[in-house]
Amino acid sequence: MNAFAELFSKQSSFSGKLKLIDFGIANKIQSNKTSVYKESIIGTADFMAPESFQRRHKLEDGKSVVKYNQKADIWSLGVILFNLVYGYSPFAAWKDNFQKSMAICNETITFPHEEDPLLVDVIKV
């Protein structure tokens, strides 16, 4: 039984649809925009996309902001899937948040052996 089947077989009310939410820092992207902006880097380091640490943008009013789009969400989903399959974050080896952010931006993620190669392909997408 793979990690997903094992996880959801324990959920008697699981409907086959997985919804991931984080209302603590969520913003709706406006229909005429492709990103949202935050004045500070926010989130749990293990799940943050490299661009969260790397790119600051200057707005017309002079504010320096971090730009987030759907790509950051896809990255976070990949980290969640990795965690479901292997039981730990791909960045668990780094305990210090600065070192972890450097690893997220610069390290190649190592994928341990998994019986189902298609599952690993899904995580890598």
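Select valine 120 to begin: this residue is buried, with a relative accessible area of 10%. The structure on screen is a predicted model. Residues count as buried when their relative accessible area is under 20%, so valine 120, at 10%, falls in that class.

Next, colour residues 117–124, which make up helix H5; valine 120 lies in this helix. Now display the residues around the side chain. Setting aside neighbours within four places in sequence, valine 120 is in contact with Tyr86, Phe111 and Glu114. Then select leucine 81 and draw a distance between the two C-alpha atoms. Leucine 81 and valine 120 are separated by 39 residues in sequence, and the C-alpha to C-alpha distance is 9.2 Å.

Move on to helix H4, residues 97–106, and pick out lysine 100 within it. Is lysine 100 buried or exposed? Lysine 100 is buried, with a relative accessible area of 7%. Which residues does lysine 100 touch, not counting those up to four places away in sequence? Select Ala45, Asp46, Phe91 and Trp94, and the contacts of lysine 100 come into view.

The tour now turns to the sheet. Show the strands as a cartoon: 3 strands form an open sheet in the order S1-S3-S2, and their pairing is antiparallel. Strand S1 (36–38) and strand S2 (57–58) stand at the edges; each has a single partner strand, so one side of each is left without a neighbour in the sheet. In general, strands of a sheet pair through backbone hydrogen bonds, in either a parallel or an antiparallel manner.

Select S1 together with strand S3, residues 64–68. These two strands pair in the antiparallel sense over 3 bridges. Valine 36 stands opposite tyrosine 68 in S3, and lysine 38 has valine 66 of S3 as its bridge partner.

How many bridges join S2 to S3? The two strands run antiparallel and are joined by 2 bridges.

For the last stop, follow the chain from S2 to S3. These strands form a hairpin with 5 residues between them. Select glycine 62 in the turn, where the phi angle is positive, at about 95°.

Methods:
Residues are numbered from 1 along each chain as its sequence is written. This is a predicted model: local features need pLDDT of at least 70, side-chain atom pairs count only at pLDDT 80 or more; totals for chains, interfaces and linings use all residues. Side-chain values use heavy atoms; hydrogens and water are left out. Two strands pair if DSSP finds at least two bridges between them. Helices (H or I, at least four residues) and strands (E, at least two) are DSSP runs, numbered from the N terminus. Buried means under 20% relative accessible area, exposed over 50%, partly exposed in between (1.4 Å probe, protein chains only). Contact means heavy atoms within 4.5 Å.
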